[in-house]
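The following report is written for someone meeting this structure for the first time. It takes the chains in turn and then turns to one helix.

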Amino acid sequence: MISDRYPDADVLEQRGHWDDATRQVVLDRVHNVPSFHYFDAQARETLEALCARIIPQDHRPAARRVPIAPWIDDRCASDTGVGFRFDDMPDDATAWTLGLAGLDETAQAVAGARFSLLPPDRQDLVLEAIRQGDPPGDVWRRRVPARRWWIQVALKQISGVYYAHPSAWDEIGFGGPAYPRGYAALNFGAREHWEATEVPDSPPAISGGAAPGAVPS
Amino acid sequence: MKLDVRLSPNWLLDLEMREYRPQDAVDFCIIGTGAGGGVLAQRLARFGFSVVALEAGDWHDSERDMVSDEAGSGRLYWNDLRITGGQDPLEFGANNSGRGVGGGTVHYAAFCPRLHPSDFRVRTLDGVAVDWPISYQDLEPYYEDMEREYPVSGPTHFPWGAPHGYPYAPLEAGTAGQMLIKGCQALGIRVVAGGPVAIPSGRVGKRPHCIQRGFCLLGCKVGAKSSTLVSHIPDAIARGAEIRTACMAFEIPLDQAGRVSGVRYYRTLPGGRRIEEEQRAQAVIVAGYAIETPRLLLNSTSERFPDGLANSSGLVGRYLMAQAGPVVWGRFPDLIRQYKSPPACALSEAFCETDAANDFVRGYALQTVAPLPIAMAHLIAEEDGRFGEGLVRAMQDYNHDAAIGVLGEILPDERNTVTIHPTERDRFGIPVPHMRFSLFENDRRMMATGIARARAVLTAAGATETHAVPRYAHLVGTARMGFTPADSVVDRWCRSWDVPNLLVCDGSVLPTQGSANPALTISALAARTSDWLRRAVPAGALTRRPSDPTAVGSDGRRVRAPAGTARRSQSDVRAASAEIVSAGLAEPWVGSTLPSQTRRFGTSQLRHQRSTTESAGVKPIRAVPTRWA
């Protein structure tokens with residue numbers, strides 16, 4: 001369960017202190033969510049289900065969940081470049097289309113149904129197979145390297161959309177834009193008077209970190 | 001035309017900018033306005049040359065265009081298509097590219113260390129890669145100039161390389177930076193606080209000091225962080241240079257005599273219409289950085305240069321280097337709030353030099369970095385591909401994380417290349433570059449040791465767990481400078497061996513890269529090349545190809561390059577540069593003027609036609625010091 005680490009956080013409340021250009025960019029993101037116009041219905045369902053497993057938002061009321069899939073769809077439609085493409089990958093929009101098809105293909109092979117129709121724990125098994133880099137499915141074997149798709153396309157783009165949203169900033173206690181007033185409380189993790197207070201929860205649940213003390217010879 | 005670009009809250013750049021007609025040959029057409037091109041334009045304009053600098057992007061107005069927002073800052077980067085491959089494919093766009101006036105300096109972290117003297121001699125000292133054709137001493141005076149002109153904050157005594165001090169006091173470090181300092185102190189590792197970083201700890205002209213906003217990597221809305229956009233380009237314009245934006249160069253044409261005649265480019269007009277133009281020029285300087293520079297040369301084919309302009313050596317696009325830039329972060333029990341204060345604020349160069357105890361040569365620096373939320377999420381994703389609750393909970397620890405960047409020297413290798421993709425085109429229809437990049441054994445060992453060291457530092461500072469992702473930063477090396485036409489693309493003055501009036505002056509000329517962020521070195525090289533051009537052009541140096549120092553004369557002895565323009569003028573050149581600083585760079589350019597004289601270029605006196613749009617309203621106020629005339 002994801003706890004509310006900064007229950008008082010509401011970075012948008014500070015918008016009156018932001019400069020015009022920043023305020024416009026952030027509020028536009030919050031209030032003008034694009035409608036779907038790229039993916040077909042099945043791909044859209046798969047994408048929505050994928051977003052919900054990569055960034056679970058069950059702990060938020062439905063009305064306060066950060067929309068992610070529409071931005072991925074919009075990005076595929078507008079073909080805005082990110083500056084590069086791996087030479088073993090298709091272009092971004094095609095990688096999404098193929099990857100979502102691959103996700104359904106793997107779901108059929110692993111769990112016998114389309115990805116969006118599986119319960120969350122089975123969905124996670126499918127994603128784990130893709131994360132490991134060698135999932136069953138023709139798409140992954142012939143068209144798109146699974147591990148590359150997982151990191152570069154699915155994870156980075158979905159997390160990129162989510163952590164661009166003020167609600168996500170509230171979740172992690174990020175103070176957000178600070179021009180023109182700047183930050184003043186700089187030392188020892190101090191809090192600006194307008195920043196949220198952390199309510200520590202159970203010990204950190206991170207895994208995979210190295211044991212402390214590995215010193216190079 | 002009258003400019004209308006805000007560079008800081010109280011600095012509106014509203015100079016009348018000179019405009020040249022494309023059909024009139026200017027002295028220099030520079031391609032790019034970053035760390036190299038920005039300084040070149042400023043210096044050459046000050047020296048009385050007529051200058052047009054082509055910039056593919058637009059102006060960055062600090063109020064209108066820069067935002068305190070990661071996802072909303074895409075306009076800072078080169079987002080056109082590039083293809084990447086190799087065993088360890090590099091990512092492009094974002095942090096290792098720049099677009100718009102000021103180039104990558106607009107969004108760099110602003111760490112501005114110098115190279116060490118040993119960095120220029122790695123073949124001699126370590127038996128790897130190549131030596132530079134110049135020494136640290138050749139560049140040192142220009143480092144000093146750039147540190148004053150950017151300007152750079154840092155300690156009074158910087159202990160590594162050739163010890164030196166900085167003109168501005170050390171910057172205040174936030175908590176994240178203090179973790180690097182704390183960990184190094186605990187382990188007895190020498191570390192410096194507050195620089196070298198190009199954020200002056202005080203007011204400079206119309207640039208206020210830093211407000212600790214922490215969004216350095218997305219452009220400085222305050223105008224405190226130095227970039228050529230605020231440090232050199234306003235002066236370039238005041239001295240008569242034209243910065244021509246929205247111009248994407250696609251070919252440098254060669255004339256019958258084997259000289260370049262100008263630059264062909266696509267210009268996007270206000271409203272979006274695209275036209276093709278050619279700016280005529282007596283000489284061309286390519287300053288497009290390590291990908292666009294070789295791309296442009298390789299795309300400029302001719303009967304004489306079927307494999308790309310100035311590429312008789314076959315080395316254009318070879319020896320692509322990225323700097324190793326693994327990010328290592330630790331979780332601390334106490335709050336850090338790493339988003340406050342400039343991410344660049346402390347570093348250690350204790351491990352930059354070759355150490356016999358290592359199983360590799362050369363080394364790495366440890367520097368503060370402070371990923372904003374999206375960057376942090378990407379690091380976590382890249383570390384192990386985790387998702388779901390594991391990802392979200394790790395991100396909830398954001399305010400407990402402090403990070404260190406390991407900035408390490410990857411050695412140049414011929415197999416790491418920029419070539420032209422046979423079929424892919426960008427949105428202009430220009431063939432795109434294809435990069436291939438692989439690490440080799442020395443690189444891998446260096447990165448592993450650097451990562452282990454950074455983990456140890458964070459642990460010593462109190463981190464309860466550490467994480468690492470191998471990443472890369474900075475791109476250099478694809479048009480290297482060297483000793484002979486066979487071993488390099490340009491000579492010690494950044495001049496093409498093949499084409500007398502073509503120069504390359506940006507990160508691509510670096511033969512090796514050390515463990516220093518390259519911006520200051522690129523600007524120092526640009527200042528040095530400008531000083532040389534000031535003397536070399538009147539002496540006719542750009543009318544003939546550089547002599548091959550390996551050529552054998554009739555007496556059987558090696559022919560030395562003609563002295564004439566080279567090397568003789570270091571002290572004189574220093575005086576001129578110092579005067580530039582005192583004459584204006586430390587103060588705003590209000591009331592300064594456009595130089596009125598033209599300069600003898602080669603053997604012909606140039607006359608410049610002004611376009612009808614700019615001739616009115618330009619009032620000469622202060623002349624360039626006469627000793628430069």
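In this predicted model, buried residues make up 42% of the 217 residues in chain A. The C-alpha atoms of chain A fill a box of roughly 55 × 50 × 40 Å when the box is taken along the principal axes. Chain A contains 8 helices and 1 strand, and along the sequence these elements follow the pattern α-α-α-β-α-α-α-α-α. Among the contacts in chain A between residues at least 6 apart in sequence, 67% join residues at least 24 apart.

For chain B, the secondary structure comes to 12 helices and 22 strands, and 61% of its 629 residues count as buried. Of the contacts in chain B with a separation of 6 or more, 74% are between residues 24 or more positions apart.

| Chain | Residues | Buried share |
|---|---|---|
| Chain A | 217 residues | 42% buried |
| Chain B | 629 residues | 61% buried |

One helix of chain A can be followed residue by residue. Helix α3 of chain A spans residues 69–78, and its buried residues are Ala69(A), Trp71(A), Ile72(A), Asp73(A) and Cys76(A). Which helices are included in what covers these buried residues of α3(A)? Among them are α2 (41–54), α4 (92–111) and α7 (146–162), which belong to chain A as well. After α3(A) comes Asp79(A), a residue whose phi is positive, near 60 degrees.

Key
Residues are numbered from 1 along each chain as its sequence is written. Chains are lettered from A and ligands numbered from 1 in the order in which they are written. This is a predicted model: local features need pLDDT of at least 70, side-chain atom pairs count only at pLDDT 80 or more; totals for chains, interfaces and linings use all residues. A residue is buried if 20 or more other C-beta atoms lie within 10 Å of its own, exposed if 12 or fewer, and partly exposed in between; C-beta atoms are placed from the backbone. Helices (H or I, at least four residues) and strands (E, at least two) are DSSP runs, numbered from the N terminus. Two residues are in contact if their C-beta atoms, placed from the backbone, lie within 7 Å.
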